[in-house]
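Here are my notes on the model you sent, as numbered points.

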Amino acid sequence: MAFQTSPLKWLMLIGFTLSMLVSCQGSSDDRQVYIVYMGNLPKAEVSVSSLHTSMLQDVVPSTVVGSDVLLYSYHRSFNGFAAKLTKEEAEKLRGKEGVVSVFLSQKKQLLTTRSWDFMGFSKKVKRSIIESNIIVGMLDTGIWPESESFNDTGFGPIPQKWKGTCQESANFTCNKKIIGARYYRANGDFSPYDFKSPRDSEGHGTHTSSTAAGGLVSKASLYGLAKGTARGGVPSARVAVYKICWSDGCYEEDILAAFDDAIADGVDIISLSVGSLFASDYFDDSIAIGAFHSMKNGILTSNSAGNSGPGPFSISNLSPWSLSVAASTIDRKFVTKVKLGNGEIYEGSSINIFDLKGKMYPFIYGGDAPNTTEGFTPEDSRYCSPGTLNETLVRGKIVLCDYESDAEGPFEAGAAGAVFQDGGAKDYVFAYPLPFSNLNLDDGRIALNYVNTTENPTATIFKTEVEYNQFAPYVVSFSSRGPNPITADILKPDLTAPGVDILAAWSQAPSVTEDGEDTGVSPFNIVSGTSMSCPHATGAAAYVKSFHPTWSPAALKSALMTTAFQMTTENNLEGEFAYGSGHINPALAAQPGLIYDAGEIDYVKFLCGQGYSPKHLQLITGNNSFCSEETNGTVWDLNYPSFALAGTRGESITRVFHRTVTNVGSAVSTYQAVVKAAPGLIIQVQPSVLSFKYVGQKQSFVVTVGAQVGNSMISGSLTWDDGIHKVRSPIVAYASLLK
């Protein structure tokens, strides 16, 4: 049984969260968990773990043994450690030679039968013969190995490049599909709801893993809803599991330990559906640090953009060396109708798996059934929170609740069903432990008026129906938005992918509603979040890599971004700040024509331009990198597949971008620059024609963008077109709040 929580709390815990809890992992002596990041591994043959212990011994009292406060020593892929320190000890370490950063560990939160087909990525899409050699590293809540999505029938031997391990236990074994599994819990605390193994007690990790790389499972559904064939983007790929998240969240020291192992184990792609409420400096953030060292080792990290939307500057995973993925809808929606005793029917939203078969039940307003015995008033019970309802009055009835009510209250009180009315977003839905529908405020007022003016009001709730969503795709309300709060002139998110109402495999430990009293389990569940869009991008990146195994992380990212379906502001007023380059198009991404490539040296130049010290960059890179006129690159010269320029409101600005593209299409080809610009935006490209004579040839060009910055973003695009490939990059100008 999973941890006890209502669907509303479940929303916060597995991907719909709008908040991040900062962890102060303290003890009686005021020690908290700090991460000490020291950059690249030292080239000299030294015992890194001994070095870390020695450093700790220098700052802790003589009565404390350094190894006793050391939680992790990161020494397989990069250099650093996690330890329990006081503020004073952390400050001493900050000043030590060889230390890049010291930061308090935070507790981050976890931020499909139809989704792949919706993108034009059918079961019959061309597959690479080496897809089964691709290893997808999933950093999440673990996995449910018995799920049919991870059946290894027909799989050949494990790839020889694999250097990882499987932490098997009495309740967990790997196979030729799940080739590796580890779990991380530095504090050693396991709740009764957690499995002390890589097994998934939450469902989230099983869902994301099957979305990225699950095998084909026919007749998959959630109690008949969304029936079809469930599959991942790369069904033949292998999965390596790194369990970093538990019932109380995901700790940064565990995240970095997983990165350290995953890189050394030999994964090809890392997928991480975890994030924070706010963005941090690149090297004060475990995910950005891990993604940087992944990039150094040729591994792309795919990140959730975050679930703190739709406000601006809400994106939290935004390092330029990782892929930041927003969440958007697919062309289906779930509708749950409510019928009143007067015959009127109203459409609500939810995932209602219960069938009342049209039976009419007494209908009562929560405000008319307060639990006065416990001191609750109608003002309390109208929200139907747990404990506020009079069980005698609501048992066996359908309850109408106001605004941000919680279905756990009616469920515990024995209600036959619940109808909510609120003005919140209706572009994503939840499953609940009883018949349920969520009406908009207008229909909710009509229902309330019916209850108040009818002597014996009745109602029924129909089982959810699946309908066509004609407006898809559009970015969902909860998906975090740009602009980029750390580097204003890099557009984030990079792109969007399906993340709303996604059916995929689920753990058999928790119920689909995550309510402690609900015993209903299903091998598949329908969930929403950027946690769900991220593995779609992961699967797409793995698909591209299966055709181009030598491509760099930047090349894979470029292929995904420049081939994305173009989106408009019709359904997303925030434009590119919502969807970046557009909606992912996996089938086209394997043949992008041109790529914007970049490597470690390019990011070092970018970091020089951002003011990072040569001393720190030398530690991060492990070489004699230094910042000079030649290497002090501006943000506009980073070879990024999108263009952004930020200025002050009312200012006229001009920026010059230097870019280089590599030909990966036809050997002999000529590309024309096609520019689109909104009023107030002037875009010039020089040269406007690029000619190639062989595959792998590079050509450079300069884009000069002028803009009159006003209150809203201005956008345009540059597309390189050879008649076959359309290599498109968005261009945005806006007024930034950053200095």
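1. Cys 401 has a relative accessible area of 0% and is therefore buried. The model is a predicted one, and every value in this note is computed from it.

2. The partner of Cys 401 is Cys 384, with a distance of 2.1 Å between the two sulfur atoms of the disulfide. A torsion of about -95° about the S-S bond makes this disulfide left-handed. It links distant parts of the chain, 17 residues apart: Cys 384 sits in the loop between H9 and H10, and Cys 401 in strand S20 (residues 398-402). Cys 384 is buried too, because its relative accessible area is 0%.

3. Ser 385 belongs to the loop between helix H9 (378-381) and helix H10 (391-394). Is Ser 385 buried or partly exposed? Its relative accessibility is 28%, so Ser 385 counts as partly exposed; the limit for buried is under 20%.

4. How many disulfides does a search of the whole structure find? It finds four. If the bonded cysteines are counted along the chain, the pattern of pairing is 1-2, 3-4, 5-6, 7-8. Cys 534 takes part in no disulfide, and the nearest cysteine sulfur, that of Cys 245, is 12 Å away. With a relative accessibility of 0%, Cys 534 counts as buried.

5. Another of the disulfides joins Cys 166 and Cys 174, with 2.0 Å from S to S. This link is right-handed, with 90° about the S-S bond. Cys 174 counts as buried because its relative accessibility is 18%, and the cut-off is under 20%.

6. Cys 608 and Cys 627 are also joined by a disulfide, with their sulfur atoms 2.1 Å apart. The link of Cys 608 and Cys 627 is left-handed, at -85° about the S-S bond. Cys 608 is in helix H17 and Cys 627 in the loop between H18 and strand S29 (643-647), so the pair ties together parts 19 residues apart in sequence. The relative accessibility of Cys 608 is 6%, so Cys 608 counts as buried. Cys 627, with a relative accessible area of 25%, is partly exposed.

7. Helix H18 (residues 614-621) has Leu 617, Ile 620 and Thr 621 as buried residues. They lie on the same side of H18, because they cover an arc of only 85° around the axis. The elements that the buried residues of H18 pack against are S1, helix H8 (286-296) and helix H17 (600-609). After H18 comes Gly 622, which has a positive phi, near 80°.

8. Helix H4 (residues 87-94) has buried residues as well, namely Glu 89, Ala 90 and Leu 93. The arc they cover around the axis is only 100°, so they are on the same side of H4. Exposed residues Lys 87, Glu 88 and Lys 92 are carried on the face of H4 that is turned away from the buried side. The cover over the buried residues of H4 includes strand S1 (32-37), helix H2 (48-59), strand S3 (80-85) and strand S4 (101-104).

9. Which members of the largest nonpolar core touch the most other members? They are Phe 283 and Trp 321, in a core of 102 residues. Helix H7 (residues 252-265) contributes the most to this core, with seven residues. Beyond four places in sequence, the contacts of Phe 283 include Tyr 37, Phe 103, Ile 289, Phe 292, Trp 321, Leu 607 and Ile 620. Another core lies apart from this one and has 25 residues, among them Leu 594, Tyr 671, Ile 714 and Leu 718.

10. The protein chain contains 18 helices and 36 strands. Its C-alpha trace spans about 80 × 70 × 60 Å along the principal axes. The radius of gyration is 26 Å, which agrees with a compact globule, because one of 739 residues would be near 27 Å. Of the 739 residues, 62% count as buried. The accessible surface is about 26400 Å², and carbon and sulfur atoms account for 50% of that.

Note on methods: Residues are numbered from 1 along each chain as its sequence is written. This is a predicted model: local features need pLDDT of at least 70, side-chain atom pairs count only at pLDDT 80 or more; totals for chains, interfaces and linings use all residues. Side-chain values use heavy atoms; hydrogens and water are left out. Buried means under 20% relative accessible area, exposed over 50%, partly exposed in between (1.4 Å probe, protein chains only). Helices (H or I, at least four residues) and strands (E, at least two) are DSSP runs, numbered from the N terminus. The arc is that of the directions from the helix axis to the C-beta atoms. Contact means heavy atoms within 4.5 Å. A nonpolar core is a set of buried Ala, Val, Leu, Ile, Met, Phe, Trp, Tyr and Cys residues joined through side-chain atoms within 4.5 Å. The radius of gyration is taken over C-alpha atoms; the globule rule is 2.2 Å times the number of residues to the power 0.38. Accessible areas come from the Shrake-Rupley method with a 1.4 Å probe; for residues, only the protein chains shown count as cover. A disulfide is a pair of cysteine sulfur atoms within 2.5 Å.
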